[in-house]
Amino acid sequence: MVVKCYAKINVVLNVNGVRESDGYHELDMVMIPLELHDSIQFTKLKDKTESYITFADFSTGGIENNIVTKIINYVEKESGVKDHFRVLINKNIPISAGLGGGSSNAAGALTAINKLSKANLSEQEMINIGFSVGSDVPFFVKGKPARVRGAGEIVDPINVKNTYYVLLVKPFEGLSTKDIYKRCDAFELKHYNVEDVIKALETGDDELLEKSMGNALEAPAIDAIPEIQVIKDKMKELGLKIVMMSGSGSCVFALSTDKKLIKRAYLYFDELNKYTVEMTKTKN
């Protein structure tokens, strides 16, 4: 079985303090999946005592190895199934970018193992297992544009009228989600109107989207990697208006219904040979 594990962008992200109960940051955000995806191949093994996880390209790093292993162990614990797998991960989503690659891989692994092992886990059970591995995993289990709250465990799907072409530009230097959330506690964070962002997406009002969107983590991320601001400024100089850093960074995205505009900007950044650059679409 081969599963596609899609990237995501945040079109708004608020941080509403830290929860006393578990130390997680309380979030309110809107995320949209992208067509850009990793692929994971699962082969069920007979008469084996462990699973084997490999990468098509080991230069992409090994964090998903640990995440997929955790998913296999959690499914075994929750369902009693003791199957083992050969897993081949083909990475296309840039890492340490705020695009959710690791969490998406975890959700894809959870879906595949649930089917192959016939564990019969419900969607809510998969969300609960996923959240124990990573805060973005419940969103990827749902796999739809959504407002996401709590620490990531509350996922309410929304409608998005437009299909956007998406430019992704990431400095070679990435950011650790854990480090950025630690850093953000020292900043006076901005707060954005999530309801207006949802309204803009549902009605296709790009002017309202441009005016309302924002990412509270941008300031601490730009403090760590100033090049993020350079990319944002250049995107706007090239005529792109809906521009923001995704998640905890360091990737900056631009949205437009104008494919030619996105393509011109893509070629500009790609020719610089100083960033990781991707062109894709929203997956509504």
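In which order do the strands of the open sheet of 4 strands lie, and with what pairing? In this predicted model, the order is E9-E10-E7-E11, and the pairing is antiparallel.

**The open sheet**

- The edges of the sheet are formed by strand E9, residues 242-245, and strand E11, residues 275-281, each of which pairs on one side only.
- From one strand to the next, the twist averages 15°.
- Strand E7 (residues 165-171) and strand E10 (residues 252-256) run antiparallel and are joined by 5 bridges, and within this pairing Val 166 has Leu 255 of E10 as its bridge partner.
- Helix H10, residues 259-272, packs on the sheet, where it touches E7, E10 and E11, and its direction makes about 160° with that of E11.

**Helix H10**

- With its 14 residues, H10 reaches 20 Å from its first C-alpha to its last, which is close to the 20 Å expected at 1.5 Å a residue.
- The buried residues in H10 are Leu 261, Ile 262, Ala 265, Tyr 266 and Phe 269; because they cover an arc of only 135° around the axis, they lie on the same side of H10.
- An α-helix has 3.6 residues a turn, so residues three or four places apart point the same way.
- The exposed residues Lys 260, Arg 264 and Glu 271 are carried on the face of H10 that is turned away from its buried side.
- The cover over the buried residues of H10 includes E7, H9, E10 and E11.

**Helix H9**

- After H9 comes Gly 239, whose phi is positive, near 105°.

**Nonpolar cores**

- The largest nonpolar core has 65 residues, of which Ile 71, Leu 167, Met 235 and Leu 240 touch the most other members.
- Helix H2 (residues 101-116) provides the largest share of this core, namely 6 residues.
- Once neighbours within four places in sequence are left aside, Met 235 is in contact with Leu 167, Val 169, Leu 240, Val 243, Val 252, Phe 253, Ala 254 and Phe 269.

**Strand E1 and its partners**

- Strand E1 (residues 2-18) runs antiparallel to strand E2 (residues 25-45), and 13 bridges join the two; in this pairing, Tyr 6 stands opposite His 37 of E2.
- The hairpin of E1 and E2 has 6 residues between the strands, and in this hairpin Gly 23 takes a positive phi near 80°.
- E1 also pairs with strand E8 (residues 214-215), in the parallel sense and over 2 bridges, with Leu 13 standing opposite Asn 215 of E8.

Conventions: Residues are numbered from 1 along each chain as its sequence is written. This is a predicted model: local features need pLDDT of at least 70, side-chain atom pairs count only at pLDDT 80 or more; totals for chains, interfaces and linings use all residues. Side-chain values use heavy atoms; hydrogens and water are left out. Two strands pair if DSSP finds at least two bridges between them. Axes are lines fitted to C-alpha atoms, for helices over the stretch in contact, and angles run from 0 to 180 degrees between N-to-C directions. Contact means heavy atoms within 4.5 Å. A nonpolar core is a set of buried Ala, Val, Leu, Ile, Met, Phe, Trp, Tyr and Cys residues joined through side-chain atoms within 4.5 Å. Buried means under 20% relative accessible area, exposed over 50%, partly exposed in between (1.4 Å probe, protein chains only). The expected span of a helix is 1.5 Å times one less than its number of residues. The arc is that of the directions from the helix axis to the C-beta atoms.
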